[in-house]
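Please keep the sequence and the 3D view at hand while reading.

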Amino acid sequence: MRMLINVPETVVADGLRGLAAAHPGLNVDVENRVVVRGDAPVAGKVGLVSGGGSGHEPLHGGFVGAGMLSAACPGEVFTSPVPDQMARAAAAVDSGAGVLFVVKNYTGDVLNFDMAQELAEDEGVQVAKVLVNDDVAVQDSLYTAGRRGTGATLFVEKIAGAAAEEGAPLERVEAVARRVNEGSRSFGVALSAVTTPAKGTPTFDLPSGELELGIGIHGEPGRERRPMMTSREIADFAVNAVLEDLQPSSPVLALVNGMGATPLLELYGFNAEVHRVLAERGVPVARTLVGNYVTSLDMAGCSVTLCEADEEILRLWDAPVETPALRWGR
């Protein structure tokens, strides 16, 4: 095992300490595992709280800041945060306007955010929830009932975060988040297996010369394995899988996402192929984001997420944002 860590037991705490050192504008509670924007609570503003297992960075802590999340709750690696974390985060960001929980569709996350909602409401915090379930690869998986939540999480957090920053009420922020999720679909591909710090060896076997089509962000099985394909062939398969399930009536936002170990040079080359397929299918692209945003530790691979973008969604996407991982317009 070759990892830039001290010991597996402290990898999350060490990462949070580093996040705090790099971004002093955030309030990072290492002991209680909560990352909060420094000016929270903002008077009259809906709070956005998300979270999930560590290992997917910059999701979610890297998306805390103006125009996006109010707080994030990191669990242990690939393990849901606990209800007390989310309830603590909700209390920290609630201005009286309510709090929206953004929850990826994994069984542990869903159950713990449900319990956190009860805890927060017992303390007088109004809470709404939106479930992200954009992955078209499989219907059920190792950690889910229904579709997995993957790349659309970024779109939901950014666009709903912009609506909240504008002062929209909780009901409106929730409606925007739901609309983004309903208009988004994703498909992922693994070129190598993922290795967690605790295990120290790959979590599944992917022989050399093969890839997994439809992989999950924890290494969950996908649709099928094939001999290694070219970037062009992968783009054809992934984009067409998304478009089998999503028939956009407007231009799309496109996220070409790396799984953690794929170089940007390769991702930009893959993005060119994604744009080629979309052009061939007559789907106009309004905006594109390329990079490692919803990752799986050291997995090599990529995912494609498309989101229908009408004028309101495009305006909210373009709205200013200032977080460790996304920043523009400020």
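Between domain 1 and domain 2 there are 5 salt bridges, a salt bridge being a side-chain nitrogen of Lys or Arg within 4 Å of a carboxyl oxygen of Asp or Glu. The model is predicted, and for that reason local features need pLDDT of at least 70 and side-chain atom pairs count only at pLDDT 80 or more, while totals for chains, interfaces and linings use all residues. Residues are numbered from 1 along each chain as its sequence is written, and side-chain values use heavy atoms, with hydrogens and water left out.

## The two domains

Domain 1 covers 8–133 + 146–182 and domain 2 covers 184–318, with bounds that come from an automatic or database domain assignment. Their centres, taken over C-alpha atoms, are separated by 23 Å. To the contact (heavy atoms within 4.5 Å), domain 1 gives 31 residues and domain 2 gives 34 residues.

The two domains bury about 2700 Å² between them, 61% of it on carbon and sulfur atoms; buried area is the accessible area (1.4 Å probe) that two parts lose on being put together, summed over both. On the side of domain 1, Phe78, Arg148 and Phe155 lose the most area to domain 2, together 23% of what that side buries.

## Salt bridges

| Pair | N to O distance |
|---|---|
| Arginine 315 and glutamate 166 | 2.4 Å |
| Glutamate 76 and arginine 33 | 2.8 Å |
| Arginine 330 and glutamate 322 | 2.9 Å |
| Glutamate 165 and arginine 37 | 3.0 Å |

Glutamate 165 lies in helix 4 and arginine 37 in strand 2, so this pair ties together parts that are 128 residues apart in sequence; helices (H or I, at least four residues) and strands (E, at least two) are DSSP runs, numbered from the N terminus. Glutamate 165 is partly exposed, with a relative accessible area of 33%, whereas arginine 37 is buried at 4%. Here buried means under 20% relative accessible area, exposed over 50%, and partly exposed in between (1.4 Å probe, protein chains only).

In another pair, glutamate 76 counts as partly exposed at 37% relative accessibility, while arginine 33 counts as buried at 16%.
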